[in-house]
Amino acid sequence: MKIIILSGKVESTLFIYNAVKKHHFIDQVIIEEKVSAYKVIFSRIKKLGLIKVINQLFFQVLISKLLKIISTDRISEIKKKYNLNNNKIDLNKTTYVSSINDNYTINLIKKIDPKVIIVNGTRIISKNVLECTSAIFINTHAGITPEYRGVHGGYWSLINNDNDNCGVTIHLVDKGIDTGDIIFQKKIKISNNDNFSTYPFLQYGIALPSLISALNNIKIKKLKTFKKTNTNSKLFYHPTLTGYIYNRIINGVK
C-alpha cells in the first residue's frame with residue numbers, strides 16, 4: 001500500500017511519520033514551505049477585521065510562547081507517555097515544495113500513485129490536488145468535528161464547558177474545512193498541569209493509534225466512516241489576548 005504524507009513544517013508531522021513507519025512503508029513525505037506571514041495576516045484581516053487580528057497576534061507573541069516555555073517539562077512528559085517521536089524524516093523520502101497545491105506536487109502524486117495520502121499541517125488542499133488521484137486523503141484534526149473545526153479545537157471545547165467534545169478526529173479530507181467523513185474520534189483527559197500549549201500533544205498522543213488503525217483498515221478494504229447529524233458545526237480561529245485572559249480568570253481555562 002503506497003503512502004504519501006503531505007505536510008507543513010510542523011513537529012507533529014515527525015510524530016506521524018515515525019509512528020506510521022513502524023507499521024507501513026511510507027513512499028514520500030512532501031513538505032511545503034510556510035505561507036508568508038504577510039499573506040496569513042492579510043487573509044485573517046479580510047475575514048476577521050484588523051482589531052481582532054492584532055489581538056490574536058498579541059496572544060501568539062506574548063501568551064502562546066510563554067505557555068510553551070513554562071510547560072517544557074509537561075510536554076516532555078506527554079511525549080514520553082505517548083511515544084511521540086520527533087526524529088528527523090529520512091532525507092531520501094523528503095521532497096520540499098513551495099505549495100502542496102502546485103503542479104510539481106500534483107505530478108509527483110500522479111507518479112507515485114499512492115493508495116493513501118496523510119495530510120498534516122498544510123494550507124487548504126485545492127480541488128486540483130484532491131482530484132488528481134484516486135488516493136484516500138486522511139487528516140488528523142486537533143478537535144472534535146464538526147463541532148470544533150478550524151484550529152485549537154481542544155481549547156475551544158473547554159471554553160464552551162464542553163468536555164465531552166475535547167478530543168481529536170481522524171477524518172477523510174474533502175473540499176471543506178474539516179468537514180470530511182469521520183473515521184475515529186477520541187477524547188483526551190486534561191490535568192491541572194495542562195494548558196493551551198500542551199493540549200495538542202495530548203491530542204496527537206491519543207490520535208496516532210487511531211491513525212494506524214485507519215491505515216490498517218484501508219489496507220484490508222474495511223474502512224468505515226460516519227457523519228454526524230443534528231449537531232452544531234462551527235469554525236474556530238486563534239484566541240485573542242483579551243479573550244484568553246478573560247477565560248483564564250472567569251472560566252479557569254488555561
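Author: What follows describes the core, then the chain around it. This is a predicted model, in which local features need pLDDT of at least 70, side-chain atom pairs count only at pLDDT 80 or more, and totals for chains, interfaces and linings use all residues. Residues are numbered from 1 along each chain as its sequence is written, and side-chain values use heavy atoms, with hydrogens and water left out.

A nonpolar core is a set of buried Ala, Val, Leu, Ile, Met, Phe, Trp, Tyr and Cys residues joined through side-chain atoms within 4.5 Å; buried means under 20% relative accessible area (1.4 Å probe, protein chains only). The largest such core holds 48 residues, and Ile 16, Val 20, Ile 118, Ile 138 and Tyr 155 touch the most other members. Helix 8 (residues 199-219) gives the largest share of this core, 11 residues; helices here are DSSP runs of H or I, at least four residues, and strands are runs of E, at least two, numbered from the N terminus.

Contact means heavy atoms within 4.5 Å. Leaving aside neighbours within four places in sequence, Ile 138 has contacts that include Val 116, Ile 118, His 171, Val 173, Leu 211 and Ile 218. Another core, of 17 residues, lies apart from the largest one, and Leu 6, Val 97, Ile 109 and Ile 112 are among its members.

As for the protein chain, its secondary structure comes to 9 helices and 9 strands. Buried residues make up 47% of its 254 residues. Among its contacts between residues at least 6 apart in sequence, 73% join residues at least 24 apart. The C-alpha trace spans about 55 × 40 × 35 Å along its principal axes.

Notes
Buried means under 20% relative accessible area, exposed over 50%, partly exposed in between (1.4 Å probe, protein chains only).
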